[in-house]
Amino acid sequence: MERCPKHIAIIMDGNGRWAKKQGKPRTAGHYKGSENVREIAICANRLGVEVLTLYAFSTENWIRPQEEVNYLMKLPAVFFERYLKELMENNIRVSMIGEIDAFPLDTRNVLLSAIERTRNNTGMVLNFAMNYGSRREITLACREIAEEVKSGIKQIDDINEDDISKHLMTAIYPDVDFMIRTSGECRLSNFLLWQLAYAEFYFTDVAWPDFTPDEFKKAIEVYNNRHRRYGGL
């Protein structure tokens, strides 16, 4: 690629609608979508992407039918059992943002195991946003900064944008360069609101299970034809 984004974020939308069109239950769409995570992750790694952040489960997703939520809690075990070896072979490091404590113990253990087993890998970071909401993230960052002011570590007038960024869950990663949302919706859905401040956006009607590596490359070609001005000329 002429110019590959360092940090790509994807809202993986359309699993349920894809399943409905196939005459299958929504869980079949989520399973097919999880298979596609493997395809896109390996493709992104080979293209030179440094961080790929995937919106896997939002803080709002808990209100979905209990049967669907239960299935989504089991999906990480299915995914990593099938693909962790391949992620290791491709030198991909698994990471996560979000509040993991809300998950069932088995789900937590699976996620933490994948993170631990890949922590020495030096290739792309495959970063899952799980039980993640951007407003919640910013709220927690503000609380931490307020505690620093309260304890005398920091003065109010010294607080700047870098301080806020350092207290976010993505503190160790660069801001997002390119955000992709599949399946035709054109909104951010409480995803990385701070980190997307100067990102380029790409919306496609293609549902996530059908978002192939070729579709991914096409999106990056669109990115390559844009000029990022950051408020300048």
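Predicted model: local features only at pLDDT ≥ 70, side-chain atom pairs only at ≥ 80, totals over all residues.
Since we are talking about cysteines, let's ask about their bonds. A disulfide is a covalent bond between the sulfur atoms of two cysteines. How many disulfides does the count come to? It comes to 0. Take Cys 4 as an example: the nearest cysteine sulfur belongs to Cys 43 and is 8.7 Å away. A disulfide needs the two sulfurs within 2.5 Å, so Cys 4 is in no disulfide.

Next, please look at strand β4, residues 125-132. All 8 of its 8 residues are buried. Who are its neighbours? On one hand there is strand β2, residues 51-58, which runs parallel to β4 and is joined to it by 7 bridges. If you want a pair to click on, Val 51 stands opposite Val 125. On the other hand there is strand β3, residues 93-97, which also pairs with β4 in the parallel sense, over 5 bridges. Here you can pick out Val 94 with its bridge partner Leu 126, and Ser 95 opposite Asn 127. As for β3, 4 of its 5 residues are buried, so this strand is largely enclosed by the rest of the structure.

How does the chain get from β3 to β4? Helix α4, residues 105-117, belongs with these two strands, and together the three make a left-handed β-α-β unit.

Now for helix α5, residues 134-150. With 17 residues at 1.5 Å a residue, α5 should span 24 Å, and its end C-alpha atoms are 24 Å apart, so the two agree. Which residues of α5 are buried? They are Ser 134, Glu 137, Ala 141 and Ile 145. Looking down the helix axis, these buried residues fall within an arc of 70°, so they line one face of α5. Here is a handy rule: an α-helix has 3.6 residues a turn, so residues three or four places apart point the same way. The buried residues of α5 pack against β4 and α6, while the face turned away from them carries the exposed Arg 135 and Lys 150. After α5 comes Gly 152, with a positive phi near 85°.

Let's finish with helix α2, residues 26-47. Its 22 residues should span 32 Å, and the end C-alpha atoms are 31 Å apart, which agrees. Its buried residues include Gly 29, His 30, Val 37, Ile 40 and our friend Cys 43. What do the buried residues of α2 pack against? Their partners are β1, α1, β2, α3, β4 and α7. Following α2 is Gly 48, whose phi is positive, near 100°.

Definitions and conventions
Residues numbered from 1 in each chain as written. Heavy atoms only, no water. Buried < 20%, exposed > 50% of the residue type's maximum accessible area, 1.4 Å probe, protein only. Pairing = 2+ DSSP bridges. Right-handed = clockwise from strand over helix to strand, strands pointing away. Expected span 1.5 Å × (residues − 1). Arc of directions from axis to C-beta. Contact = heavy atoms within 4.5 Å.
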